[in-house]
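Hello,

Here is the structure I promised to hand over. Please open it first, then read my notes below.

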Amino acid sequence: MLLSDMRIYYSSISLVKADHGYRGIDSTLDGFTIECVKSNFGTHQFIPISGRWVVERTNAWLENFRRLCRNYERYLSTARTMTYLASILFMLRYIR
């Protein structure tokens, strides 16, 4: 998905976190603020990167669903729908 498409569908997003490989991109592209972070691989000390655990935990939770752990779907729209369904089921599990 392009950043211009994200602006249409997700108007509330203003900050995009990117890997250090995207550091050459203009930091205010399409009205987004792009924050590039450098990983700490190869160091002896563990320093958590801000916001990275959110992505890692989300991917781990989605891997618990059988249809998402392998590429079973033929069409991208079906895979996207399965991801939405898994996210909804996960959120419903914790609403009381």
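Let me begin with the lining of the second largest pocket: its residues divide into five nonpolar, three polar and four charged. Bear in mind that this is a predicted model.

The pocket itself has a volume of about 250 Å³. Its lining runs through Lys17, Ala18 and Asp19, then Val37, Lys38, Ser39 and Phe41. Ile49, Ser50, Gly51, Arg52 and Val55 complete the list. Two elements give two or more residues each to this lining: strand S1 (15-19) and H2. S1 gives the most, with three residues.

Now the aromatic rings. The count comes to one aromatic pair. The partners are tryptophan 61 and phenylalanine 90, with ring centres 4.5 Å apart. Their planes lie at 25°, and stacking requires under 30 degrees, so the pair is stacked.

Where do the two partners sit in the chain? Tryptophan 61 is in helix H2 (residues 52-62), and phenylalanine 90 is in helix H4 (residues 76-93).

Phenylalanine 90 has a relative accessible area of 18%, which is under 20%, so phenylalanine 90 is buried.

Best wishes

Conventions:
Residues numbered from 1 in each chain as written. Predicted model: local features only at pLDDT ≥ 70, side-chain atom pairs only at ≥ 80, totals over all residues. Heavy atoms only, no water. Phe/Tyr/Trp six-rings, centres within 6.5 Å; stacked < 30°, edge-to-face > 60°. Helix = DSSP H or I, 4+ residues; strand = E, 2+ residues; numbered from the N terminus. Buried < 20%, exposed > 50% of the residue type's maximum accessible area, 1.4 Å probe, protein only. 1 Å grid on protein atoms, 1.4 Å probe; cavity = no way out; pocket = protein on both sides within 12 Å on 5 of 7 lines; lining within 4 Å. Points joined across faces, edges and corners; volume = space filled by probe spheres on them. Nonpolar A, V, L, I, M, F, W, Y, C, P; charged D, E, K, R; others polar.
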